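I opened my notebook to look around a new structure. Here is what I looked up, step by step.

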Amino acid sequence: MLAFAGNSILCRLALKEGHVDPLTFTVLRLASGALVLALLAWFRNAPARRAGTWPGSIALFLYAVTFSLAYVGMEAGTGALLLFAAVQLTMLLYGMVKGERLTTLSLFGLLLSIAGLVYLLLPGSAAPPLGSAALMVVAGVAWGAYSLLGKTAASPLATTAGNFARAVPLSLICAAPFIATLKWDAPGVLYAVLSGAVASGLGYAIWYDVMKHLSVLKASTVQLTVPILSALAGVAFLNEAMTLRLMLACIAVLGGIALVLASKQRLRG
């Protein structure tokens, strides 16, 4: 979870002071992540050359590029909350479309989460820019779709490595028209590589290993800590404010999702 929160902090560190532009950050993040994941897949005898899919790679690229663009004008904790909420709600709504039962408790939790997001985005001095918020919601939907596409992967590590490798040329194509305006310095490159190689590459590899030992409910619930960790790290490392609006939105959004997850677990039991 620290690695997942680290992506928000590293991206915000890189972009807040203009160390790197968001498109270059995306390219470096995906490329360094692809390299680390390919090495891990090779080490574990899970060759990634033919693994992954183009739909998964497109979803991964869309997540990465909108994530970077959103953080140009958004604080780390707010961005992580929007991202996490969009991911979870995308997957929950997909389950509903597929016929999953919706209990009174899960319906209340879903409505509470949505209300928390609406409250976070209401006009006011503490509200994030709507453009950045919209981009982060798109990033969350894309990551949710990527997660759903990967649920049936026989080898999650090899599939992720293959998807990262395919996403790199997509990021280069996206950045090419803006080559004259791209910029980076040493700190910006360092933050992007750390985000890709450590927070993404190693972070995802560790998560897949941990997932083998966790129930779906525990795996989903532990992710509720990511926006909180991101907000606290933003206060510590980026001098961002922990506003009352963000705290109340976190309680509503994360609490609502926790209620949905708990209700789904009881139905399975």
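**Entry 1: one residue and its neighbours.** I started with A252 and asked which residues it touches, leaving out those up to four places away in sequence. I found L112, S113 and G116. I kept in mind that this is a predicted model.

**Entry 2: where A252 sits.** I traced A252 to helix α11, which covers residues 244–268. Is A252 buried or exposed? I read a relative accessible area of 14% for A252, so it counts as buried, the cut-off being under 20%.

Entry 3: Next I checked A252 against L111. They are 141 residues apart along the chain, yet I found their C-alpha atoms separated by 9.5 Å.

**Entry 4: contacts overall.** I then turned to contacts in the chain between residues at least 6 apart in sequence. Of these, 89% join residues at least 24 apart.

**Entry 5: the whole fold.** How many helices and strands does the chain have? I counted 11 helices and 0 strands, and my pattern along the sequence reads α-α-α-α-α-α-α-α-α-α-α.

Entry 6: I noted that the chain has 269 residues, and 49% of them count as buried.

**Entry 7: cysteines.** I looked at two of them, C174 and C250. C174 is partly exposed at 26% relative accessible area, whereas C250 is buried at 6% relative accessibility. I also looked for disulfides, taking a pair of cysteine sulfur atoms within 2.5 Å as the rule, and the count came to 0.

Technical notes
Residues are numbered from 1 along each chain as its sequence is written. This is a predicted model: local features need pLDDT of at least 70, side-chain atom pairs count only at pLDDT 80 or more; totals for chains, interfaces and linings use all residues. Side-chain values use heavy atoms; hydrogens and water are left out. Helices (H or I, at least four residues) and strands (E, at least two) are DSSP runs, numbered from the N terminus. Buried means under 20% relative accessible area, exposed over 50%, partly exposed in between (1.4 Å probe, protein chains only). Contact means heavy atoms within 4.5 Å.
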